[in-house]
Amino acid sequence: MLFVLALSGCRSGSPASDGQFAALPAVPRWPMYQHAPDHNAVFTRSNFRRRWSFDTKAKINGGLAVVDDTVYVDTFGKEVLALDIRTGKPLWRTGNLKNIVMSTPVVAEGLVFVGTGGNETLNFGWNPLTHLQYHNKEVWGVPGGDEVVALDAKSGRIRWRFPTLGEDMPSPAYGDGRLYFANGDRHVYALRAATGEQIWRQEIDGIATMASATLVDGRVYVSACANGIRNTSTIALNASNGSIVWQAPYGHCDASPTFAQGKLFVENVQGGAQKYVGRNIVAALDARTGKPAWRYDSTDTGVWTTLGSDESAIAGTYSAGTFYQPAPLSDQIIAFDATTGAVRWRFRTSGPVKMSPLVRRNHLYVGDTTGVFYEINTVNGRLIRATPFKKPFSTSPPVIVGETMLLANDTAVYAVEMNPE
């Protein structure tokens with residue numbers, strides 16, 4: 001298969017995530033989007049090499065989660081699946097959920113947590129007629145609301161449901177027996193993970209569409225949009241009681257904040273004179289205060305597309321002193337010095353990138369909405385190889401376990417072998 005050969009190759013260079021690969025957790029757990037606040041889901045596993053594919057028969061838009069020998073994936077088919085990481089064969093599948101599922105499955109305490117949600121925004125752009133109203137404020141959702149669901153990690157049996165007025169597409173974050181998430185009804189929630197009991201609920205100024213919660217050192221960080229996604233912000237909350245610590249006018253409801261070096265890296269969109277036209281802005285915020293450490297304003301204006309998924313801002317990835325940010329409105333990947341914000345290089349893609357990149361040693365991996373999967377040299381930003389797929393890549397980022405990359409494209413999950421040193 002062409003894509004397997006194209007993804008193989010030399011992989012010498014510096015390691016990811018501040019000089020260390022993450023080991024698979026001793027306690028089975030996948031606590032948030034892309035596992036950790038830096039969003040670089042790269043794990044060591046000695047001599048682990050696999051090649052398989054599995055077609056779920058429905059679009060995959062959420063991230064993958066890996067715990068021990070199980071890959072968890074959810075789909076637009078209103079179901080969650082558990083696949084054997086060694087063979088790709090399904091261990092269980094739970095269907096008939098309330099709505100489509102496109103959050104990253106979060107796994108902890110023997111449970112798998114997902115959120116349902118969807119509205120016409122996913123396919124046709126923003127349409128105020130599809131949104132509900134809450135106290136005369138915009139709410140994104142569907143009649144009857146949506147829900148966060150906990151499934152038994154071994155069997156897929158539903159253990160509890162937590163209903164909400166708004167959509168629950170953003171991935172939750174787990175920590176200290178609690179589940180935290182923002183959603184489409186202008187709130188951030190904390191639930192008891194074992195039971196689904198609400199601990200606190202905090203109203204915020206805006207909705208979260210795809211911006212997954214980031215949990216670091218007793219704070220929950222979320223990004224939201226208000227006023228028809230024209231006003232954006234990132235908000236820090238106290239994880240113990242939900243009180244708001246600070247709010248900053250940076251970030252976007254489509255993009256989870258990335259944390260590293262004591263900073264939050266966020267992207268937002270500044271609109272142009274015409275609807276769906278704008279440019280991306282990247283900022284690094286002091287995680288303690290919300291004040292910007294640096295800011296980058298793109299000079300490239302582009303069109304907000306709905307192909308693959310309806311995102312105009314994307315969560316970036318941090319690794320070894322560099323922050324890698326997709327800029328979907330200008331079809332670029334930009335590498336920033338994480339400390340100063342200086343641009344180290346730019347790489348022009350064939351179309352918008354709507355997934356977080358993955359970094360392993362000197363190689364960056366990412367796919368775009370034209371169906372091209374790229375391998376890029378992280379030292380100089382030069383293309384190593386490009387592999388065409390027949391379908392667009394959406395917002396589901398890859399995961400590396402040992403010498404295997406797990407990759408979602410359209411309705412299929414692939415395990416792709418990577419060459420050893």
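The model is a predicted one, in which local features need pLDDT of at least 70 and side-chain atom pairs count only at pLDDT 80 or more, while totals for chains, interfaces and linings use all residues. Residues are numbered from 1 along each chain as its sequence is written, and side-chain values use heavy atoms, with hydrogens and water left out.

Threonine 209 is located in the loop that lies between β17 (198-203) and β18 (214-216), where strands (E, at least two residues) and helices (H or I, at least four residues) are DSSP runs numbered from the N terminus. Its side chain makes a polar contact of 2.6 Å with the side chain of aspartate 254, a polar contact being a pair of N or O atoms within 3.5 Å, of which, within protein, one must be able to donate a hydrogen and the other to accept it, and for which residues adjacent in sequence count only if both atoms are side-chain atoms. A polar atom of the threonine 209 side chain also lies 2.8 Å from the backbone oxygen of cysteine 253. When neighbours within four places in sequence are left aside, threonine 209 is in contact with Trp140, Glu167, Met169, Pro170, Cys253 and Asp254, contact meaning heavy atoms within 4.5 Å.

Strand β36 (residues 404-409) has 6 of its 6 residues buried, so this strand is largely enclosed by the rest of the structure. Thr404, Leu406 and Ala408 are buried on one side of β36, and Met405, Leu407 and Asn409 are buried on the other. Strand β36 pairs in the antiparallel sense with β35 (residues 399-401) over 3 bridges, and with β37 (residues 412-417) over 6 bridges; two strands pair if DSSP finds at least two bridges between them. Leucine 406 is the bridge partner of valine 399, and tyrosine 414 in β37 is that of leucine 407. The hairpin of β35 and β36 has 2 residues between the strands, and glycine 402 takes a positive phi near 60° there; in the hairpin of β36 and β37, aspartate 410 takes a positive phi near 60°.

Elsewhere, 4 strands form an open antiparallel sheet in the order β31-β32-β33-β34. Strands β31 (358-360) and β34 (383-388) stand at the edges, each with a single partner strand, so one side of each is left without a neighbour in the sheet. Within this sheet, β33 (residues 372-377) pairs with β34 over 5 bridges, and valine 372 stands opposite proline 388 in β34.

Methods:
Buried means under 20% relative accessible area, exposed over 50%, partly exposed in between (1.4 Å probe, protein chains only).
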